[in-house]
Amino acid sequence: MNSRFVVIIFGALMSMTTGCDYAKRATGSLEYASPMMMMETSSASPQRYIAERHKLEVITPESDLQKSWESTVAFCTTIQCEVVSSSITTRVGDSLPSGIISLRVAPDDLRKLLGFVEKSSKIAQHTTEREDKTTVVVDTEAKIKNLTTFRDNLRAMLGKPSATVKDLVEIQKQLTDTQSELDSQTAQRKILANETEKIAVEISFRVERPGTNARGFAQIWNALRESGSVFADSTASLITTIFAVIPWLVLVLPIVWLLGKAWGRLRLRRNRTVSPPTSPTGELS
């Protein structure tokens with residue numbers, strides 16, 4: 001490859017590396033700065049990117065679970081909010097119904113959402129988590145900037161009239177790899193923006209557990225309700241067993257009867273052979 005193109009590409013790669021190192025130093029310099037330097041640079045401090053997440057566990061009567069779940073989803077559409085996922089389960093046997101909603105809401109509308117949930121249900125637990133994403137965001141933005149510059153330089157090199165066919169092939173390959181990496185970093189930046197510009201809220205719905213007396217009556221009712229199915233299952237098992245045994249009875253009973261008859265004849269012959277001769281009567285002197 002032409003040495004001039006090698007020097008240009010090497011210089012572009014070095015600028016990318018230098019830009020990333022600078023981004024890391026920019027986010028980490030505050031940790032090692034003296035108090036005086038902190039005062040001098042406080043006005044120019046970099047923007048912080050914080051990913052905030054709220055987890056709520058709410059309790060509602062079983063009869064109001066569906067209504068509370070649906071009203072929360074509907075309220076999300078009235079503010080700057082989007083539903084990421086939602087699901088609800090009904091009562092199955094002894095398992096209680098439940099529901100869950102995952103949302104992303106704008107910071108300005110977070111209080112509205114929490115206030116609505118608190119009015120419609122009882123919040124049993126509220127957990128807040130925050131994660132600083134500043135270093136990752138700044139590093140990703142620096143990579144995007146450097147990759148964009150490098151891509152533009154490669155495109156300019158493709159238009160050079162002095163480039164040979166071998167140079168064009170190498171430059172095109174490098175351009176493809178650079179564009180792929182740029183697309184990946186751009187997608188990563190969108191994910192980070194969604195995490196830092198909106199607040200994630202996860203709401204879990206569960207119903208109140210019944211008291212001891214109510215739970216006892218519920219167990220009795222469940223037993224009475226399930227007794228019919230238990231009786232049907234037992235009857236079906238009995239019928240299946242009978243029909244499974246009948247063919248064997250047709251085959252086995254004649255054999256048993258023949259064997260019993262043969263055994264009786266055999267015993268009769270043995271008795272005749274073993275029995276002693278009877279003595280003649282009237283021989284008394």
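What percentage of the 285 residues of the protein count as buried? In this predicted model, local features need pLDDT of at least 70 and side-chain atom pairs count only at pLDDT 80 or more, while totals for chains, interfaces and linings use all residues. Residues are numbered from 1 along each chain as its sequence is written, and side-chain values use heavy atoms, with hydrogens and water left out.

Of the 285 residues, 25% are buried (under 20% relative accessible area; exposed is over 50% and partly exposed in between, with a 1.4 Å probe and protein chains only). Seven helices and five strands are present (DSSP runs of H or I with at least four residues, and of E with at least two, numbered from the N terminus). Their order along the sequence is α-α-β-α-β-β-α-β-α-α-β-α.

Helix α4 spans residues 110-120, and its buried residues are Leu110, Leu113, Leu114 and Val117. Viewed down the axis of α4, these residues fall within an arc of 95 degrees and so line one face of the helix (the arc is that of the directions from the helix axis to the C-beta atoms). The face turned away from the buried side carries exposed Arg111 and Lys119. Packing partners of the buried α4 residues are β1 (50-60), α3 (65-76), β3 (98-105), β4 (122-132) and β5 (199-207).

Phe75 and Phe116 form a stacked pair because their ring centres are 4.4 Å apart and their planes lie at 0 degrees (for rings of Phe, Tyr and Trp, the last by its six-membered ring, pairing requires centres within 6.5 Å; planes under 30 degrees apart are stacked, over 60 edge-to-face and the rest tilted). Phe75 belongs to helix α3 and Phe116 to helix α4, 41 residues apart. Phe116 is partly exposed, at a relative accessible area of 23%.

Conventions:
Contact means heavy atoms within 4.5 Å.
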